[in-house]
Amino acid sequence: MLSHAPRFDAATAARVARDLYGRSGTVRALTSERDQNFLLETTSGERLVLKIANALEDPAMLDAQQAAMRHISATLDLAPRVIPSIEGPTLSVVDQHRVWAVSHLPGTPLGLRRRRSPALLSSLGAEIGALTTAFRGFDHPAIHRDFYWDLARGRAIVAQYRSLIDDPELGAAIDTLMARFDREAAPLLGDLPCSAIHGDLNDFNVLVDGDRVSGFVDFGDMVFGYTVGDLAIAAAYVMLDADDPVAVLSAMVSGYQSRRPLSETELAVVFPLATLRLCTSACVAAHQQRERPDNAYLGISQAAIRRTLPRLARIPLLASARIVAWLARQTFAPIMDLPSREWLDLSVGSSASDGMDGITGGIGRWDEPRLIYTAPFFAGRTIHLGIDLFAAAGTPVHAPLRGQVHAFADNAQAQDYGPVVILRHETDDGTPFYTLYGHLSRESLHGLKVGHQVAAGDRIGSLGTIEENGHWAPHLHLQLIVDLLGMGTDFPGVGTAAQRDVWRTLSPDPSILAGLAPAPGEVTKTETLAERHKLIGGNLSIAYADPLKIVRGRQQYLYDDVGRQYLDAYNNVPHVGHAHPRVVKAAAEQMAILNTNTRYLSDRLTEYAERLVGTLPAPLRVCYILNSASEANELALRLVRASTGRRDMIVLEAAYHGNTTSLIDLSPYKHLGPGGTGTPAWVHVAPLPDDYRGLYRRHDAACGTKYALHVAELAESHQVAGYIAETCPSVGGQIMLPPGYLPNAYAAVRAAGGLCIADEVQTGLGRIGTHFWAFEAHNVVPDVVVMGKPLGNGHPLAAVVTTREIADAFDNGMEFFSTFGGNTVSCTVGLAVLDVLRDERLQEHARRVGDRLLEGLRPMIDRYPLVGDVRGSGLFLGVELVRDRQTLEPAAAEASTVVNMMREDGILLGTDGPHHNVIKIRPPMPFDLSDADRLVGGLAQCFESLLP
Ligand code: PMP
């Protein structure tokens with residue numbers, strides 16, 4: 001068949017385009033299996049596709065395609081338009097091949113898009129619904145054909161070629177799926193409406209643009225078949241390699257229903273027909289492989305089909321719905337006496353998420369994400385698939401309904417089921433299902449026999465003790481199972497969050513068996529987002545287009561609402577690690593004793609001030625404790641103004657110092673950004689000493705001094721109270737000030753009568769590894785040091801330290817008071833943070849891990865054109881992305897893509913810099929060497945995938 005494929009070269013195609021269609025321009029061959037397609041781009045920018053048909057193509061089918069495109073285009077803008085030749089006809093013959101032309105649709109094939117957002121899947125469903133609707137009223141004799149790929153023939157083709165499948169796992173999956181198809185879908189097929197359909201909406205025949213479908217192409221497989229076929233076929237290909245095929249299916253189906261409601265029968269067959277399509281494809285491929293073993297093209301989607309079919313075989317969608325519906329009509333014998341029927345919260349964000357120890361009553365929830373499953377065999381699974389009925393060890397357990405003993409075992413390893421029994425049941429129509437009873441006593445297994453009949457209410461055992469039940473507080477794990485998937489007593493009691501929908505289908509809510517109404521559901525991420533939009537100011541921005549709902553932190557990790565762990569490479573506020581137990585304990589204990597303000601004497605306040613001052617060089621000896629860095633910078637501003645009697649300030653380009661009115665004035669990043677009202681007269685902006693893309697660059701040994709001259713000029717020409725700068729400008733793009741800059745800038749400001757403020761909010765407390773405060777690396781001593789973010793490890797705590805002289809000048813009779821600043825709890829927290837920092841040697845750790853990161857990141861400059869610069873010190877690093885090494889055109893979109901890809905791989909980063917093209921690495925300090933390697937490996941993969 002393939003030998004009849006046309007063999008036009010580009011020059012011939014160009015000639016045909018000119019002679020037949022009167023168009024000339026550039027011609028490029030597109031890939032096609034049977035035919036030849038050329039993309040023609042005319043000088044006026046028009047794009048069309050020249051199609052040279054295979055010599056064997058049925059002319060009637062070509063006519064049908066053109067008629068269908070015309071029919072669809074009348075109501076829907078997603079199909080190519082047929083373009084007539086100069087002479088009028090839409091079909092011509094050149095060298096025995098039929099030639100025609102259609103408009104070129106924008107977009108890229110869905111098949112090239114690895115990440116498919118829910119919005120895209122829903123748009124896909126909706127547009128297929130629109131296509132089905134647009135087909136309405138269309139018919140053509142040629143599509144009433146006995147066609148290989150017609151879903152109506154699929155079952156027979158699988159039967160014919162199934163024996164050619166060598167891979168036993170694939171074969172078994174096909175058998176399971178086809179048995180299910182015969183049982184559940186085949187009886188419904190006769191009731192399905194039929195009509196003209198596209199017939200091959202595989203993901204290379206669907207074009208997408210952003211999150212929207214932009215076109216459907218290649219109507220050569222049209223057939224008069226099941227109307228729902230286009231949805232089923234498209235779903236089949238999109239489910240390939242999807243993390244959660246059921247979620248894919250449901251997004252597509254709900255999108256589809258927004259345009260064309262499905263009947264119950266159609267709804268029931270979408271999934272079985274989709275699996276049929278994939279089984280057909282696998283069988284046809286096996287057949288073709290036999291015929292032509294060396295034709296690689298035939299295998300194109302087979303690897304994905306081989307990976308996916310066994311997973312799809314584990315999703316008994318229809319059986320699950322039938323069993324749940326049947327159970328809803330039954331009554332059940334009581335399973336056990338319950339001391340309490342209260343629902344417990346063991347979810348990721350609950351205080352009980354460390355374990356069940358000490359729980360003696362209540363019910364643990366089904367479908368609840370939990371972090372308590374830490375044994376290696378859980379392999380990161382978090383979603384609880386049963387309910388937990390807590391009661392004393394020895395409490396008798398009874399069967400809620402009739403059944404027979406299917407399996408039992410003592411899964412003795414820690415955190416496993418311990419002694420476990422599985423009963424088999426059947427619905428009235430003979431659909432089998434199972435109930436699982438875990439954490440029983442060993443005595444429960446004595447005398448049990450597989451096949452033994454059990455009546456509703458029969459005692460099947462008793463609750464085990466902690467020692468015998470897998471080391472859990474005594475409780476019954478009760479789980480409903482639709483299909484054991486051949487796993488018997490090893491059937492998991494906890495599933496993966498990525499396949500939560502599949503697990504819900506396999507193990508539906510068993511609450512009804514225990515006489516319980518379903519537990520109240522959690523607040524979903526979508527609900528939280530909607531509430532936030534309603535209740536919280538709109539300009540409190542949210543990270544990521546698909547926001548994260550983080551409910552727990554531990555060390556350098558954050559956990560979302562489904563228990564997914566993220567490596568936090570971004571947050572510097574939880575300096576010594578999220579929820580550090582020593583800090584938590586110190587805060588909790590002090591909260592329980594006293595929390596009051598600085599109007600009373602407190603050793604906590606003076607002790608903390610003494611410890612802070614002890615980290616700083618003389619003459620920085622006087623301390624103010626506050627709640628936020630904004631409050632601290634405000635005070636710093638007042639200090640230098642009081643001391644100099646002047647008002648004006650010098651600040652760096654792109655700087656941010658806080659959210660108050662004066663600090664917005666002092667922050668060009670804000671007042672020159674969106675919504676800003678410009679730089680006020682009292683603020684003088686000095687160039688950002690960015691030695692990568694700034695005014696002076698690092699190849700110039702004097703670049704630091706040259707930047708400082710700008711500060712000198714401003715200081716001399718204005719009566720400035722002071723100069724403020726972050727020692728490593730962060731929103732400026734993780735900038736490392738060039739050598740010579742700070743000493744010269746400070747000297748010039750002081751010579752002009754001003755004072756120097758170091759904003760160490762981002763960089764202090766050992767983050768840069770080499771020094772405790774970043775200014776120390778520049779051999780300067782500021783007049784005022786501002787500290788914030790990391791001081792309280794998340795507790796609102798900030799500080800200002802200055803000289804006695806400046807403090808005295810500020811002490812002019814007006815009282816200074818901050819209600820919360822320096823309160824007993826805050827000082828206690830601050831002390832605990834300093835203790836942890838010292839005892840865990842985190843500054844030294846930051847240096848070591850930072851060096852490892854730099855070692856891994858720096859070579860990327862040579863490897864990936866996108867990586868323009870890698871800079872920083874310790875755990876304060878930036879990777880600047882550029883599109884062009886000469887012009888340094890910022891690669892902001894790419895930086896954002898990388899950050900999003902990394903998030904999908906479970907690593908949190910951010911972007912910064914005036915051009916948003918700097919990837920910011922600024923993790924909690926416990927971030928370790930293996931985290932560094934993981935981060936470097938992840939970034940390398942992202943850059944690799946973005947190579948041109
Ligand atoms: N200074 C710098 C350098 C900062 O990065 C920030 C916060 N991003 C602030 C001051 C203000 O801190 P806060 O939000 O605690 O007021």
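Which strand is Asp 869 found in? Select strand E34, residues 867-873, and you will find Asp 869 there. Helices (H or I, at least four residues) and strands (E, at least two) are DSSP runs, numbered from the N terminus.

Before moving on, note how to read this tour. Residues are numbered from 1 along each chain as its sequence is written, and side-chain values use heavy atoms, with hydrogens and water left out. This is a predicted model: local features need pLDDT of at least 70, side-chain atom pairs count only at pLDDT 80 or more, and totals for chains, interfaces and linings use all residues.

**Stop 1: Asp 869**

Stay on Asp 869. Its relative accessibility is 2%, so Asp 869 counts as buried. Buried means under 20% relative accessible area, exposed over 50%, and partly exposed in between (1.4 Å probe, protein chains only). The side chains of Asp 869 and Arg 698 are joined by a polar contact of 2.7 Å. A polar contact is a pair of N or O atoms within 3.5 Å; within protein, one must be able to donate a hydrogen and the other to accept it, and residues adjacent in sequence count only if both atoms are side-chain atoms. Show the other residues that Asp 869 touches, leaving out those up to four places away in sequence: among them are Tyr 692, Ile 861 and Val 879. Contact means heavy atoms within 4.5 Å.

**Stop 2: Thr 308**

Jump to helix H9, residues 302-312, and pick Thr 308. Is Thr 308 buried or exposed? Thr 308 counts as buried, at 0% relative accessibility. The side chain of Thr 308 reaches the backbone oxygen of Ala 304 at 2.7 Å. Next, select Met 239. Thr 308 and Met 239 are 69 residues apart along the chain, yet their C-alpha atoms are separated by 7.8 Å. Not counting residues up to four places away in sequence, Thr 308 touches Met 239, Leu 240 and Asp 241.

**Stop 3: helix H10**

Select residues 317-327, which form helix H10. Colour its buried residues: Ala 319, Ser 320, Ile 323, Trp 326 and Leu 327. They cover an arc of only 130° around the axis, which puts them on the same side of H10. The arc is that of the directions from the helix axis to the C-beta atoms. An α-helix has 3.6 residues a turn, so residues three or four places apart point the same way. What do the buried residues of H10 pack against? Their partners are helix H5 (168-185), strands E18 (418-426), E19 (432-438) and E22 (475-481), and helix H11 (500-506).

**Stop 4: a sheet of three strands**

Show E13, E14 and E23. They form an open sheet in the order E13-E14-E23, with antiparallel pairing. Strand E13 (368-369) and strand E23 (494-495) stand at the edges, each with a single partner strand, so one side of each has no neighbour in the sheet. E14 (residues 383-384) pairs with E23 over two bridges. Two strands pair if DSSP finds at least two bridges between them. Pick His 384; its bridge partner in E23 is Val 494.

Now look at two loops. Ala 379 lies in the loop between E13 and E14. Its phi is near 45°, a positive value in a residue other than glycine. Ala 379 is exposed, with a relative accessible area of 65%. Leu 485 is in the loop between E22 and E23. Leu 485 is not a glycine either, but has a positive phi of about 55°. At 22% relative accessibility, Leu 485 counts as partly exposed.

**Stop 5: strand E31**

Select residues 755-759, strand E31. Five of its five residues are buried, so E31 is largely enclosed by the rest of the structure. Leu 755, Ile 757 and Asp 759 point one way, while Cys 756 and Ala 758 point the other way. Ala 725 stands opposite Ala 758 in E31.

**Stop 6: around strand E27**

Finish at the loop between H14 and E27, where Pro 619 lies. A cis peptide bond joins Ala 618 and Pro 619, with omega about 5°.
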